Each structure stands twice: as structure tokens, then as C-alpha cells.
Amino acid sequence: SIVSGLVAQPSTLSPFYFMDGASVISALALKVQPGDKVLDLCAAPGGKSLVLATQLFARSSNTRNEEGLLVCNDFSKTRVRRLTDVLMKFLPGELFGADGPGPKIQITSADGCSYSNTMERRFAPFDKILVD
């Protein structure tokens with residue numbers, strides 16, 4: 001499953017997400033590491049964001065519990081609703097700040113072509129950016 005390795009998964013999470021292999025490859029090509037600050041600029045419908053979250057927040061015995069941030073953005077508000085639904089269905093609530101110190105995943109709807117936007121002011125600089 002795409003979310004294997006993430007923090008404790010309640011039984012209510014969906015076990016898998018079907019996606020095109022090219023989408024997986026583009027997300028893996030960033031070589032995201034735990035602790036990175038990552039922007040998925042055109043994130044909807046959410047498959048690549050799931051792959052990025054798996055890389056950022058996977059836990060193993062040799063991985064420190066580093067802080068990391070995944071900002072999932074899409075300009076279309078309709079697509080952001082779909083993105084939010086997908087992420088909430090497949091990822092633990094604690095990544096969104098539920099019962100935790102703060103969100104490790106932020107969902108935004110900003111124009112990526114605009115030099116000065118809320119997303120940039122709130123979260124930049126980023127270690128890695130996925131634009132597709």
C-alpha cells in the first residue's frame with residue numbers, strides 16, 4: 001500500500017490508492033527525505049502527494065523523528081476539495097494537526113504563477129518542489 005510505513009494507521013484509512021506509474025516516478029524522483037520542506041504545486045487529485053507524504057513521514061528504527069512539511073497546493077478550489085478528500089482518506093489525522101503539535105501537511109489554493117502569494121509568504125523556502 002502507498003501509505004505503508006506511515007505512523008499508526010487507524011482501521012478507517014483506505015489501504016491503497018491506484019495511480020499511474022509515471023506519477024509515482026515523478027514524486028520519487030525528488031528523493032524526498034524525512035525533515036524536508038516540500039511543495040507539491042499542482043497537487044490535485046493527490047496521488048503524488050501521497051507518495052511524497054510516505055517519503056517525508058515514514059518511520060523506521062533508524063529514522064529520527066524529524067520535522068518535515070508537505071504543502072499541497074492547487075489553484076482550483078474544486079480540485080482542492082478533491083485533494084483534501086483524498087489526503088484525509090489515506091493519511092493519519094495527526095499529519096494534519098489532529099491530536100498533535102501541529103500540522104505536517106498544509107493544503108492551499110494559491111496561484112503558483114504569482115510571485116507573491118500567501119503560500120509563499122507562509123511556508124517558503126522549500127527544499128524540494130514538484131511542478132507538473
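Predicted model: local features only at pLDDT ≥ 70, side-chain atom pairs only at ≥ 80, totals over all residues.

Student: Which residues of α2 are buried?

Tutor: They are Gly-47, Lys-48, Ser-49, Leu-50, Val-51, Leu-52, Ala-53, Thr-54, Gln-55, Leu-56 and Phe-57.

Student: What do the buried residues of α2 pack against?

Tutor: Their partners are α1 (21–28), β1, β2, α3, β3 and β4.

Student: Now the sheet. How do you know that β1 and β2 are paired?

Tutor: Pairing takes at least two bridges between the strands. Strand β1 (residues 37–40) and β2 are joined by four bridges and run parallel, so by that cut-off they pair. For example, Leu-39 has Val-71 as its bridge partner in β2, and Lys-37 stands opposite Leu-69 in β2.

Student: What joins β2 to β3?

Tutor: Four bridges again, in the parallel sense, with strand β3 covering residues 105–108. There, Leu-70 is opposite Ile-105 in β3.

Student: What is the order of the strands in the sheet?

Tutor: The open sheet has four strands in the order β3-β2-β1-β4, and the pairing is parallel.

Student: What makes β3 and β4 edge strands?

Tutor: β3 and β4 (128–130) each pair on one side only. From one strand to the next, the twist averages 15°.

Student: Where does α2 sit relative to that sheet?

Tutor: Helix α2 (residues 47–57) packs on the sheet and touches β1, β2, β3 and β4. Its direction makes about 175° with that of β2.

Student: Why is β2 called mostly covered?

Tutor: Count its residues: in strand β2 (residues 69–73), five of five are buried. Leu-69, Val-71 and Asn-73 point one way, Leu-70 and Cys-72 point the other way, and all are buried. In a regular strand, side chains alternate between the two faces of the sheet.

Student: On to α3. How do you know that its length fits a helix of 14 residues?

Tutor: Helix α3 (residues 77–90) should span 20 Å at 1.5 Å a residue, and its end C-alpha atoms are 20 Å apart, so the two values agree.

Student: Which residues of α3 are buried, and why do we say they line one face?

Tutor: Val-80, Leu-83, Val-86, Leu-87 and Phe-90 are the buried ones. Looking down the axis of α3, they fall within an arc of 125°, so they line one face of the helix. They pack against α2, β2 and β3. On the other side of α3, Lys-77, Thr-78, Arg-81 and Asp-85 are exposed.

Student: How many aromatic pairs does a search of the whole structure find?

Tutor: One. Tyr-17 and Phe-90 form it, with 5.3 Å centre to centre and 90° between the planes.

Student: Why is that pair called edge-to-face?

Tutor: Planes over 60 degrees apart count as edge-to-face, and here the angle is 90°. Tyr-17 lies in the segment before α1 and Phe-90 in helix α3, so the pair ties together parts 73 residues apart in sequence.

Student: Why do Tyr-17 and Phe-90 count as buried?

Tutor: Buried means under 20% relative accessible area. Tyr-17 has 19% relative accessibility, so it counts as buried. Phe-90 has a relative accessible area of 6%, so it is buried as well.

Note on methods
Residues numbered from 1 in each chain as written. Heavy atoms only, no water. Buried < 20%, exposed > 50% of the residue type's maximum accessible area, 1.4 Å probe, protein only. Helix = DSSP H or I, 4+ residues; strand = E, 2+ residues; numbered from the N terminus. Axes fitted to C-alpha atoms, helices over the stretch in contact; angles between N-to-C directions. Contact = heavy atoms within 4.5 Å. Expected span 1.5 Å × (residues − 1). Arc of directions from axis to C-beta. Phe/Tyr/Trp six-rings, centres within 6.5 Å; stacked < 30°, edge-to-face > 60°.
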